[in-house]
Amino acid sequence: KDEVALDPWGSSTIADYRKLFEEFGIEEFDEILDEVPNPHYLMRRGVIFGHRDYRPVLEAMRDGDDFAVLSGFMPTGDPHIGHKLVFDEIIWHQQQGGDAYGLIADMEAHSARGISWDEINEHSRDYLLSLIALGFDTEEGELYRQSDNDRLQRLAFELGGKANYSEFEGIYGFDGETNISHMQSVVTQMADILYPQLDDPKPTVIPVGPDQDPHVRFARDLATRMRFFKVTEAFASFELDDTERPVVAAAYDAREEYADEPDIPRCGEAAEWLADANLDAAGILVEESVRDSAVEKLENAGMEPLRPRIRFFARQATDEAFEALIEEIDGEKRRYDQHIDAFDIDVEEAEDLAREVEAHHGGYGFIPPSSIYHRFMTGLTGGKMSSSIPASHISLLDDPEDGYNKVKSATTGGRDTAEEQRRLGGEADKCPVYELYAYLLTGDDDELAKEVYDECIGGERLCGGCKEQAATMMREFLEDHQEKREEAEAVLDSLDIDLET
Ligand code: SF4
């Protein structure tokens, strides 16, 4: 089967990952692997195979700037070893310095899958316990459930104002039968994806399976639509249009760069003015709290010279002062318009600055979120790993002995006879047991993963012994994980998450 289907609520597997690159514009992870500082083993082994615009996150990671990671879990059943991939991805980004968010998509589970609230509560607890047990730092990161997060719901409401029904039809195939709560859960999910940027815009990565890509694309689209949402009026006062906004922002940058450049003194002057003028306006137009954070941000960005003027206007923000300023700016603007062309503007940089300026002037300033995509684990019985087929997966709550037994009875990529296996070698690439080694059991130990692979395809390894080794490792993993889950109980209970209602 080689059809590609990207349906977040469907049950189809994605047989041909290559088509995702061609048809949906997902980029190959391999191409950026060298740029990842200290890559996770799931990246090194190609389990994380694709990404959408992951570079800004990497840049922030390398430069020590802010970035975030967020992913969500639909509590429709027990967390299993397939979910562990996502847990690991969140935790790894947190360890690389990212702000980490793990959320329970309870509204989605209820509206799209019809799961009862009692069941949702029980499973939510299990997901969070495993996430904490695997190393999520709850003091640094945030865990929440959708239905219990007011800020999220307000953001979802705003995002809903920028989305319309025909998009839901086009993207998700919604029709006249789709229940309204399902639609609400979609805008909630869009809000989840942008939630890490609510206070401060920052590169954000969403680690997901490729079936979730429609959500990511839609969120990226909405992020762009929301950018100028609140700040439009402020900019309108200066009659700046969309093309001029980045120019003004670039002026901040150019001021630094060109001010001391003897050959282009007037550019420096123009930049200086644009930067000043816009900030003065900001000082007047924004709320006090936003103004203060803008001042702080600018200080951090080395823009101290502007501070006194902001402060001045902040205190003297009378209508009269404002009118005078507008007049001054209008005149000056005309004078300097001709110089704008002289700026050699790096559009990307200018847009970044524009976002920064907007965000601190009351806009959202969202940066379109990035994503990384991991392969789905093959079920132990072959086919898809599915929560609804117990033998196909190993739940993180499975009795370690059951885990052992499931591995022992898994299908393999082995040949019909031992003799044939020695002669031809096994087919590790088609073997669910090898996947267990690569995705989970060997952890960070690349050598061991490679050894299993090489021995398998070289015919030195036979499936009986190989499965025994994997089954034993699985039993140990489950024992250890469940012990850590017990320790995580107290941590989870100390958090302010309502898992009862
Ligand atoms: Fe799979 Fe191991 Fe058999 Fe190779 S030897 S096919 S990895 S079970």
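## Packing of helices H5 and H9

In this predicted model, helix H5 (residues 106–113) and helix H9 (residues 180–194) have axes that come within 8 Å and cross at roughly 150°. Because angles over 145 degrees count as roughly antiparallel, H5 is roughly antiparallel to H9. The crossing of the two helices, H5 and H9, is left-handed.

On the H5 side, Met107, Glu108, Ser111 and Ala112 make the contact. H9 contributes Ser181, His182, Gln184, Ser185, Thr188 and Gln189. Sorted by class, the residues in the contact of H5 with H9 are 7 polar, 2 nonpolar and 1 charged.

## Surroundings of the ligand

The ligand has 14 residues around it, and those that come nearest are Gly426, Cys431, Cys456, Cys463 and Cys466. Two or more residues of the shell come from each of helix H20 (432–441) and helix H22 (463–494). The most is given by H22, with 3 residues.

By class, the shell around the ligand holds 7 nonpolar, 4 polar and 3 charged residues.

## Confidence of the prediction

For the complex, the predictor gives an ipTM of 0.99 and a pTM of 0.75. The protein has a mean pLDDT of 77, with 69% of its residues at 70 or more.

Two stretches call for separate mention. Residues 228–275 have a pLDDT below 50, and this stretch has 75 contacts in the model beyond near neighbours in sequence. Residues 277–291 also have a pLDDT below 50; for this stretch, the contacts in the model beyond near neighbours in sequence number 33.

How values were computed. Residues are numbered from 1 along each chain as its sequence is written. This is a predicted model: local features need pLDDT of at least 70, side-chain atom pairs count only at pLDDT 80 or more; totals for chains, interfaces and linings use all residues. Axes are lines fitted to C-alpha atoms, for helices over the stretch in contact, and angles run from 0 to 180 degrees between N-to-C directions. Helices (H or I, at least four residues) and strands (E, at least two) are DSSP runs, numbered from the N terminus. Angles under 35 degrees count as roughly parallel, over 145 as roughly antiparallel, 65 to 115 as roughly perpendicular and the rest as oblique. A crossing is left-handed if the near helix is turned anticlockwise from the far one by less than a right angle, and right-handed if clockwise. Two residues are in contact if their C-beta atoms, placed from the backbone, lie within 7 Å. Ala, Val, Leu, Ile, Met, Phe, Trp, Tyr, Cys and Pro count as nonpolar, Asp, Glu, Lys and Arg as charged, and the others, Gly among them, as polar. A residue is near a molecule or strand if its C-beta atom, placed from the backbone, lies within 6 Å of it. pLDDT is the predictor's confidence in each residue, from 0 to 100.
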